[in-house]
Amino acid sequence: MFGCLVAGRLVQTDPVQVASDKFVFNLTDYENVNHVVVFMLGTVPFPAGMGGAVYFSFPDPLSGGPVWQLLGFITNEKPSAIFRISGLKSGEGGAHPFGMMAASSVAQVGVSVEALEHLAQQTPVSSAAVSTVDSFLQFTQKMLDSLYNFASSFALSQAQMTPNPTETFIPSSCILKWYANFQRRMEQNPNFWKS
């Protein structure tokens with residue numbers, strides 16, 4: 001029903017079923033994993049009104065037992081998701097949704113089949129969220145603001161300028177025009193710069 005993918009590794013499609021509604025994938029060498037993709041195989045849909053909460057666990061350095069953290073969820077309408085796990089901190093975690101499991105030296109990705117209403121009330125760890133177009137747009141806006149503010153800090157009026165043959169001056173109106181054009185193009189197509 002589920003698959004798990006880590007970049008540079010083979011796709012895992014054989015989770016261990018630890019309960020009738022809980023499935024676990026083992027991840028060796030988890031210290032070198034940045035992102036994990038969890039997806040439905042498309043062969044068996046969730047029952048109506050159900051979805052899958054996606055969890056990540058790694059061995060607790062103190063007890064050796066698993067520490068589970070909610071990453072997010074998948075549903076029939078959203079059958080796949082990418083999660084960043086490289087920023088998760090050991091020792092932080094919640095209840096053990098998969099029951100008390102034996103100590104392990106590998107990390108695990110778990111999928112727990114739950115009611116959609118229950119999934120909507122859960123809060124994933126914020127560091128598991130993957131960058132979106134919105135965060136890229138925010139970065140671009142901040143970068144443009146920073147460039148304009150930096151360049152403006154060197155602004156001189158025409159009366160303050162002294163001729164210097166080794167310096168090139170760019171009118172601030174040119175930077176402002178470029179800034180406006182770049183913003184407009186980003187709003188129309190955030191990926192325009194890739195072509």
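**Close-up 1. Phe-2 and its ring partners.** Phe-2 is tucked away in this predicted model, with a relative accessible area of 0%, so it counts as buried. Its ring pairs edge-to-face with that of Phe-23, with 5.2 Å between the centres and 65° between the planes. The two come from distant parts of the chain: Phe-2 belongs to strand β1 (residues 2-5) and Phe-23 to strand β3 (residues 22-27), 21 residues apart. Phe-23 is buried too, because its relative accessibility is 11%, and the cut-off for buried is under 20%.

**Close-up 2. Phe-56 and Phe-58, a tilted pair.** Here the ring centres lie 5.6 Å apart and the planes meet at 45°, so this pair is called tilted. Is Phe-56 buried or exposed? Phe-56 is buried, at 2% relative accessible area. Phe-58 is buried as well, at 6%. Across the structure, there are seven aromatic pairs to look for.

**Close-up 3. A lysine over a ring.** Now for a charge and an aromatic ring. The charged end of Lys-78 sits over the ring of Phe-73, 4.8 Å from the ring's centre.

Close-up 4. Side chains of opposite charge can pair when their charged atoms come close. How many salt bridges does a search of the whole structure find? The search turns up one. In the salt bridge between Lys-22 and Asp-21, the closest N and O atoms are 3.7 Å apart. Lys-22 has a relative accessible area of 16%, so it is buried. Asp-21, at 27%, is partly exposed.

Close-up 5. Strands of a sheet pair through backbone hydrogen bonds, either parallel or antiparallel. In this open sheet the pairing is antiparallel, and the five strands come in the order β2-β3-β8-β5-β6. Strands β2 (16-19) and β6 (66-74) are at the edges with a single partner strand each, so one side of each has no neighbour in the sheet. On average, neighbouring strands of this sheet are turned by 30° against each other, direction ignored. Follow strand β5 (residues 50-59) and you'll find eight bridges joining it to β6, with the two running antiparallel. Which residue in β6 stands opposite Pro-59? Another proline does: Pro-66.

**Close-up 6. The three-stranded sheet.** This open sheet has the order β1-β4-β7, again with antiparallel pairing. Its edge strands are β1 and β7 (80-84), each of which pairs on one side only. From one strand to the next, the twist averages 20°. Five bridges connect strand β4 (residues 35-40) with β7, in the antiparallel sense. One place to look is His-35, whose bridge partner in β7 is Arg-84.

**Close-up 7. Stepping back to the whole chain.** With the details in hand, here's the overall layout. The protein has three helices and eight strands, and along the sequence they follow the pattern β-β-β-β-β-β-β-β-α-α-α. Of the 195 residues in the protein, 31% are buried. Among contacts with a separation of 6 or more, 72% come from residues 24 or more positions apart.

Technical notes:
Residues are numbered from 1 along each chain as its sequence is written. This is a predicted model: local features need pLDDT of at least 70, side-chain atom pairs count only at pLDDT 80 or more; totals for chains, interfaces and linings use all residues. Side-chain values use heavy atoms; hydrogens and water are left out. Two strands pair if DSSP finds at least two bridges between them. Helices (H or I, at least four residues) and strands (E, at least two) are DSSP runs, numbered from the N terminus. Axes are lines fitted to C-alpha atoms, for helices over the stretch in contact, and angles run from 0 to 180 degrees between N-to-C directions. Rings of Phe, Tyr and Trp (its six-membered ring) pair if their centres lie within 6.5 Å; planes under 30 degrees apart count as stacked, over 60 as edge-to-face and the rest as tilted. Buried means under 20% relative accessible area, exposed over 50%, partly exposed in between (1.4 Å probe, protein chains only). A charge sits over a ring if NZ of Lys or CZ of Arg is within 6 Å of the ring centre and within 35 degrees of the ring normal. A salt bridge is a side-chain nitrogen of Lys or Arg within 4 Å of a carboxyl oxygen of Asp or Glu. Contact means heavy atoms within 4.5 Å.
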